[in-house]
Amino acid sequence: VFTNSPYLSSGINAEYGGTGLVSAPIPKKLLSMAGFEDCYTCATGQTATLGNFAKATFAAIAATYSYLTPDMWSPTVFTNSPYQEFTDYLAKPFVKQPKKEVKY
């Protein structure tokens, strides 16, 4: 996942298990608080500015939460279509009812 800002471009890449967090100290702290265990980061631009660097890392973390993985799917409850639900009613022949006179 990569994010771009006017001064900095930051990214978070997934890594196979066992490598841990490969990052500078501030992004490493942000990534560990977000629950990442195995990933590495890459950044280009003005990374010496701590505020920009932390903000770009936070934006990259926020971008990862836009993905909806299957374990986050809510259970699907399928209902019958109206045709299946009202088959008995639909199977009856249509009989036109005479209009009732209304007296005022």
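**View 1. The crossing of helices α1 and α2 is right-handed.** In that term, the near helix is turned clockwise from the far one by less than a right angle. This is a predicted model, in which local features need pLDDT of at least 70, side-chain atom pairs count only at pLDDT 80 or more, and totals for chains, interfaces and linings use all residues. Residues are numbered from 1 along each chain as its sequence is written, and side-chain values use heavy atoms, leaving out hydrogens and water. Helix α1 spans residues 25-34 and α2 residues 50-64; they pack at about 30°, with axes 9 Å apart. That makes the two helices roughly parallel (an angle under 35 degrees). Helices here are DSSP runs (H or I, at least four residues), and axes are lines fitted to C-alpha atoms over the stretch in contact, with angles from 0 to 180 degrees between N-to-C directions.

**View 2. Here is where α1 and α2 meet.** From α1 come I26, P27, L30, L31 and A34; from α2, L50, F53, A54, T57 and I61 (contact: heavy atoms within 4.5 Å). By class, this contact has nine nonpolar residues, one polar and no charged.

Terms used:
Parallel < 35°, antiparallel > 145°, perpendicular 65-115°, else oblique. Nonpolar A, V, L, I, M, F, W, Y, C, P; charged D, E, K, R; others polar.
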